[in-house]
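The entries follow the order in which I looked things up.

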Amino acid sequence: MSVQQTVVIDGLSVPIEGERNLLELVRKAGIDLPTFCYHSELSVYGACRMCVVEIDKMGIVASCTVQPQPGMVVRTNTEQLRVIRRTILELLLANHDRDCTTCDKNGACKLQELARRFGVQDVRFGQEDAGLPIDRSTPALVRDPNKCILCGDCVRVCGEVQKIGVLDFAYRGSDATVGPAFGKCLADVDCVQCGQCASVCPTGAITIHSDVDRVWKAIHDPKMKVVAQVAPAIRVALGEEFGHEPGWAAPGKVVAALKSIGVDMVFDTCFTADLTVVEETAEFLERLSSGSRERLPQFTSCCPAWVKYVEQYHPNYLANLSSCKSPQQMFGAVARRFLGRELGVEPENLYVVSVMPCTAKKFEAAREEFASDGRPDVDAVLTTQELARMIRETGIDFDKLPIAPFDLPFGVSTGAGMIFGNSGGVAEAVLRAAAELLAPEKTSEIPRSRLVFEEVRGLDGVKEATVNIAGNEVRLAVANSLGAAAEVLRRIESGEAVYDIVEVMSCPGGCIGGAGQPSPSHLEVRKQRTQALYDVDTMQMLRRSHDNPYVKALYDRYLGDVGGKKAHSALHTSYGTRRRIAGEEIKFSSEEVDGKLDVGVCVGTCCYLHGSYDLLRGLMDRVARHGLTDRVDLHATFCFEQCEHSPNIEIGGSIRGNVTEEDIDEVFEKEIRARLVE
Amino acid sequence: MTPVEAAQRKFERVNEIIEEHGREQSALIPILQEVQAEYRYLPEEILTYIATAMGLSVATVFGVATFYAQFSLSPKGKYVVRVCDGTACHVRHSMRVYEAIRSKLNLRDGRFTTPDMMFTVETVACLGACGVAPAMVINDEVYGKMTPEAACAIIDTLLNRDGEN
């Protein structure tokens, strides 16, 4: 019989049960040691030192960095530890912009909470006011370096979970900062605006770019008919803002709350999720039956952070992205095109608000592709947190609100539309639709095997499955985070795996784990929200998007055939390449001389990997050999946003793609030398 | 070599340096050191290029380049003058030497490099030459037992030498 291994914590014997560090063990014992930099899903950093404990024979250590050993005797509350913690807080506060009352994070700030918990009433080290500029460059996020406590949570979530690494530490000692490369703003670098950095930030250093004021203005404008759409993930999370358990499903409360703050009509994004499924399934079956694998696997395109990621990092897969707009933008499209007519409202007086669990949806709504005549299809995007703020601002008692139904015609949806909020949900919805469309015989009773696809459920990073649909083997992968998406792409590229359809959601858990959701949003919370959405789905009479009678009616009335011309013009879009970082080119000549022929060779990632440096050298050689150095302004540049044709060369303003080493002589003779001889 | 050829040669060197060291993350610091030796600083576009070539995030490369005092992201002068302000030099009035050089070269406010890109004047925490405090080093040459007058005379010598060339 094995003896239970234990650690003594404040005199209490606590069994070791696979805890990865002493901090987890202490917390299991019911002692909530404070931390700023510890997140169970990120690597251990050990920077904030708030979780210090005293261990016999070891002294004072940060408990997050210590493995629990049998027989350890640990104290968590001594006078010395108390002084250390309080001093750390005072030092952090001295370097922190303490204008709490006007801070977006007021009331939800970890630093504020711990300062209160430890009774810090005086900061002995004064107040530093660095006055660093605040970055409001993106529609999604606001970065205020004056509030950063250098815990590195954002650096690790961006680097470890999303595997992008937009943010990192820079400089050292008292000059240390966290931010994008070269102190650039977020809009000028490869940030996909998923906002996971904001969701782990303990202070107000990275927050959500608020659209609350714009929405109030529209609500209070008597001319405006304000219509809202509500994403699936909101209904299982908004309650958390008002003291309910995660996963408390309350769609009727969300509708009632929006109505009570003055929104005229409330629709369901699940309805346009159904529409997306119908279009996306048709697109998928078309690609699958085309006989060519050129545009397979089909990638989902509902997640705007993922779309931006493909545009920046994997432009060779742009054609694989489903051309279907996301449910948010499908709603925007049908609302702007048809809803005004239905309601008898001038299109310009229709104000379309989205309630989304997501910060990247703000970026998506602002994309040029989704505007007509300069007016975006979706006027403003509120996150779950912002909606909660508006409800609180009115003073309405959320719990006393009666429940209310979604409005017609965009208020009825199926279970397939609801599970869009979960990782694996879009794949499952498409599988349900494909199973229906390919089924040899239609039955009134739908077999469970055509409705529930357990293979794609769960919170694993990469989920793979082969599903038999009416005799067709469909190979699919579901990526749960951008880091997981990078792994799926690696498997495709190495030939390790072949897929027909790939679903990617950038945030862990899918939209239910979006950065606009209430805090905290850790694994346990995400599990509960996920289950709640599956429960909501199970309760639906209709669980397949094709069965949605209002979707059918929309096609009959306005959109014509599924995948047809009218549907295409309203519901589909295309995406382009996008450079990762704004900046200078590598010049070889300092003076700007008129009359020089401008020749730029792209050395951005795609072109570089396709051998553009060899092209550059080849051109340098030829230019020098022919004595044209003073007539050609040759330089290396970063990204013409033509990555799908890499490597690219720009000569006198026109770009030539797919240049190979064999082409250099021709390019030089015909396009450079010939022009100069003229 | 024309300036254009020299600039192209430098960029070719960057590529050679990366090839020599390989693309493992651990090669980043030696690569940055050698690239800085070519350019006398680390230009932003070259750092972006190095990140691209090594498959690293640009923010990470920027983080490393700003962490170490040996790297500079702004162009330095032909002569880099480092006046030691370690304890031994400090108590022997190294700051008077530093201020004398700065005022001679007309460096005010936040400027450390002369507009003609001839001189960069900085302080350094310790050169390990405490026996000859106060010390300063210009490029690779150490000068000991400095006074404001002696330091200015050395700067004059360098100015004259360059004037003759």
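Entry 1. Is Gln196(A) buried or exposed? Gln196(A) is buried because its relative accessible area is 6%, where buried means under 20%, exposed over 50% and partly exposed in between, with a 1.4 Å probe and protein chains only. I noted that this is a predicted model, in which local features need pLDDT of at least 70, side-chain atom pairs count only at pLDDT 80 or more, and totals for chains, interfaces and linings use all residues. Residues are numbered from 1 along each chain as its sequence is written, chains are lettered from A and ligands numbered from 1 in the order in which they are written, and side-chain values use heavy atoms, with hydrogens and water left out.

I found Gln196(A) in helix H5 (residues 196-200) of chain A; helices (H or I, at least four residues) and strands (E, at least two) are DSSP runs, numbered from the N terminus. Leaving aside neighbours within four places in sequence, I listed the contacts of Gln196(A) as Val157(A), Gln162(A), Cys507(A), Pro508(A), Gly513(A), Gly514(A) and Ala515(A), contact being heavy atoms within 4.5 Å. At Gly513(A), the backbone oxygen is reached by the side chain of Gln196(A) at 3.1 Å.

Entry 2. I then went to Asp399(A), in the loop between helix H12 (384-394) and helix H13 (415-418) of chain A. Asp399(A) counts as partly exposed because its relative accessibility is 44%. Not counting residues up to four places away in sequence, Asp399(A) touches Phe242(A), His244(A) and Lys253(A). The side chains of Asp399(A) and His244(A) are joined by a polar contact of 2.6 Å. A polar contact is a pair of N or O atoms within 3.5 Å; within protein, one must be able to donate a hydrogen and the other to accept it, and residues adjacent in sequence count only if both atoms are side-chain atoms. I also looked up Gly239(A), 160 residues from Asp399(A) along the chain; their C-alpha atoms are separated by 9.1 Å.

Entry 3. Next I traced a sheet in chain A. It is open, with 5 strands in the order E2-E1-E5-E3-E4 and mixed pairing; two strands pair if DSSP finds at least two bridges between them. Strand E2 (12-15) and E4 of chain A are at the edges, each with a single partner strand, so one side of each has no neighbour in the sheet. From one strand to the next the twist averages 35°.

Strand E1 (residues 6-9) of chain A runs antiparallel to E2(A), with 4 bridges, and Ile9(A) is opposite Leu12(A) there. Strand E3 (residues 52-55) and strand E4 (residues 59-62) of chain A are also antiparallel, joined by 4 bridges. Val53(A) faces Val61(A) in E4(A). E3(A) and E4(A) make a hairpin with 3 residues between them, and Lys57(A) in the turn has a positive phi of about 70°. Across E3, E4 and strand E5 (73-75) of chain A lies helix H2 (residues 79-94) of chain A, at about 160° to E3(A). For angles, axes are lines fitted to C-alpha atoms, for helices over the stretch in contact, and angles run from 0 to 180 degrees between N-to-C directions.

Entry 4. I turned to chain B, where I noted 7 helices and 4 strands. Of the 165 residues in chain B, 50% are buried. Helix H1 (residues 3-21) and helix H3 (residues 44-54) of chain B pack at about 35°, with axes 11 Å apart. Phe11(B), Val14(B), Asn15(B) and Ile18(B) in H1(B) meet Ile46(B), Tyr49(B), Ile50(B) and Ala53(B) in H3(B).

Entry 5. Among the buried residues of H4(B) are Val58(B), Phe62(B) and Val64(B). What covers them includes strand E7 (168-170) and strand E8 (177-179) of chain A, together with helix H2 (28-39) and H3 of chain B. At the start of H4(B), a side-chain oxygen of Ser57(B) comes to within 3.3 Å of the backbone nitrogen of Ala59(B).
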